[in-house]
Amino acid sequence: MAKIKANNALVQVLKNWQIDHVYGIPGDSIDKVVDALKKEEDDIKFYQVRHEEVGTLAASSYAKLTGKIAVALSIGGPGAIHMLNGMYDAKMDNVPMLVLAGQTDSKLLGTKYFQEVDLPKLFEDVAVYNKQLESAENIHEIVDEAIKTAYAKKGVAVLTIPSDILGEKIEDKIPREQYEFQNAVTYANENDIKKAAELINKSEKPVVLTGVGAKDAKEELLDFIDHIDAPGLITLPAKGIIPDKHPNFMGNLGKIGTKPAFEATKDADLLILVGTNYPYVDYLPDKDIPCIQIDINQTNIGKRFNVDVGLVGDTKNVLDSLTNASNKVTGRKFLKACQENMRIWNKWLDEDRSQNKKPIRPERLMAEIEKISTKNTVFSVDVGTSTVWSTRYLQLSHNHQFITSSWLGTMGCALPGAIASKIANPDKQAIAITGDGGLSMVMQDFVTAVLYKLPIIVIVLNNQELSFIKYEQQAAGELEYGIDLGDIDFAKFADSCGGIGYNVEDVNDLAPTLEKAKNSNQPVIVNVKVDPDAAPLPGKIVWDEARGYAKFEIRTALEENRLEKMPPLKTLIRRFF
């Protein structure tokens, strides 16, 4: 039988799984994989990043956008440690990733050799599959198993590979064929569908809360909420799954969500959870009402709320079955009341979006970003106030995609996400929306977009502070501290990287500058000086938050002899009552 080197065998398995690119930085302990990738560069492109964290954040974003596994690699030791942040993002947002980590030569393991770190122990918590290779013999089977496990468990598979093992020759038993993962569970139990339909038929005030598990079932979801005439709510990362202008849409549920979504949930008599393991139980109904939960993963059923009927299966199929099994409803009074509530909320948002104040209001910036977006733009949104403004004020349709670091909530995710978006879908517009705090954590990799000619648009909400943290401190009744940032001219930085940079301080310059960015065929940074006093208030202010803000104002007056500028009283009243 013919022989093949282990590093080439590894890459052949990647080809079998239709993996067409890898993120990473070369280095001694992983260079044999890089060498094998060089031989297959017509089929698998290697994207060299400037920081390993960006590699795994991009890989995680690619998986969120496509559902396909993404691959990142690095040397052992420091490179492997740098990858952890993006790996945890993939773990917590339940997307498949394969990580290839180099390691000290096998004969030197345990000798405290240069850069030797116990990587299996390091990756123990983050990985659904975690193996250090001990020989080259079955490397193709191990890589195959790792990828299957990452898909099946929707998480991170890690292979730690001592460099010398990759140089060994083994028998070439590797098939040359294409693999595709298929989930074993597709349809829910028919009796459970009937029980769920009975609950829906009895309900007068049902609400449907949808997560990213429904991203491939958008039409079925709309058919369902139209059929039962119910308000539809989303979790933050599910932005766009229900179009913002759909008549049944009540917005995002949660601290940075909408007041109508909060109030509809608290008044509901039936909770229907679709493809979500929603963690913020304080925003779910207070009383013990019936609950139906749809999820592909059995372990998520009943994890957050007492579930009467759990429907385990593919969301598309389950929603279709539920629509067929339940009664058609029209003119539901509860939905009409929710729609009136949402009409008033949207009127308030339209007022915010039309502001011409200086400094530029973030709400107005979102309205202008929306105008330059295309019908299928991918929005990669950072963590912080940029999340609040984007989620609340961008009006998206079915064809848009919206990604962020939803469960880990790591700053710096927007730029890697935009890079991954252009790799996944070169013909789609990719817009990163970030703050100056988030971008400064990963800004070096803007040059990666330049290097690979990825025409992304990076829009910076620059307020020279960690604004979301400032308001967290205020809501907790704490004094502001450690939140001020030194200013960076991100436009000059973009120019220095070989891209294009614009600074915007006047609201009248917003539209023409964003239009220039839209029409550019190069990576662009638009550095917008936004109002630092724009407060990312909750959609519904609860008593604990109101007490916290009051305590903050009193402490500021007594301990710092000043009064903090607070949001307009009209806005506070609208969000509180």
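This is a predicted model: local features need pLDDT of at least 70, side-chain atom pairs count only at pLDDT 80 or more; totals for chains, interfaces and linings use all residues.

Mentor: Leu-233 stands opposite Gly-251 in β11. Residues are numbered from 1 along each chain as its sequence is written, and side-chain values use heavy atoms, with hydrogens and water left out.

Two terms come first. Strands (E, at least two residues) and helices (H or I, at least four) are DSSP runs numbered from the N terminus. Two strands count as paired if DSSP finds at least two bridges between them.

The pair β10 and β11 is part of an open sheet of 6 strands, ordered β11-β10-β9-β12-β13-β14, with parallel pairing. At its edges stand β11 (249-252) and β14 (309-312); each has a single partner strand, so one side of each is left without a neighbour in the sheet. On average, neighbouring strands are turned by 15° against each other, direction ignored. Angles run from 0 to 180 degrees between N-to-C directions, and the axes are lines fitted to C-alpha atoms, for helices over the stretch in contact.

Next, the strand β9. It is joined to β10 by 3 bridges, and the two run parallel; here Val-208 stands opposite Gly-232 in β10. With β12, β9 pairs in the parallel sense over 5 bridges, and the bridge partner of Val-207 in β12 is Leu-271.

In a regular strand, side chains alternate between the two faces of the sheet. In β9, Pro-206, Val-208 and Thr-210 point one way, Val-207 and Leu-209 point the other way, and all are buried. Buried means under 20% relative accessible area, exposed means over 50%, and partly exposed is in between (1.4 Å probe, protein chains only). Because 5 of the 5 residues of β9 are buried, this strand is largely enclosed by the rest of the structure.

Helix α12 (residues 315-325) lies across β12, β13 (291-295) and β14, and runs at about 140° to β13. As for α10, β9, α10 and β10 make a right-handed β-α-β unit. Right-handed here means that, with the strands pointing away from the viewer, the path from the first strand over the helix to the second runs clockwise.

Glu-220 is placed in helix α10. At 18% relative accessibility, Glu-220 counts as buried. Leaving aside residues up to four places away in sequence, Glu-220 touches Lys-316 and Leu-319, where contact means heavy atoms within 4.5 Å. Glu-220 and Lys-316 are 96 residues apart in sequence, yet 6.1 Å apart in space, C-alpha to C-alpha.

Finally, the setting. The protein chain is divided into domain 1 (3-171), domain 2 (190-341) and domain 3 (355-573), with bounds from an automatic or database domain assignment. The C-alpha centres of domain 1 and domain 2 lie 38 Å apart.
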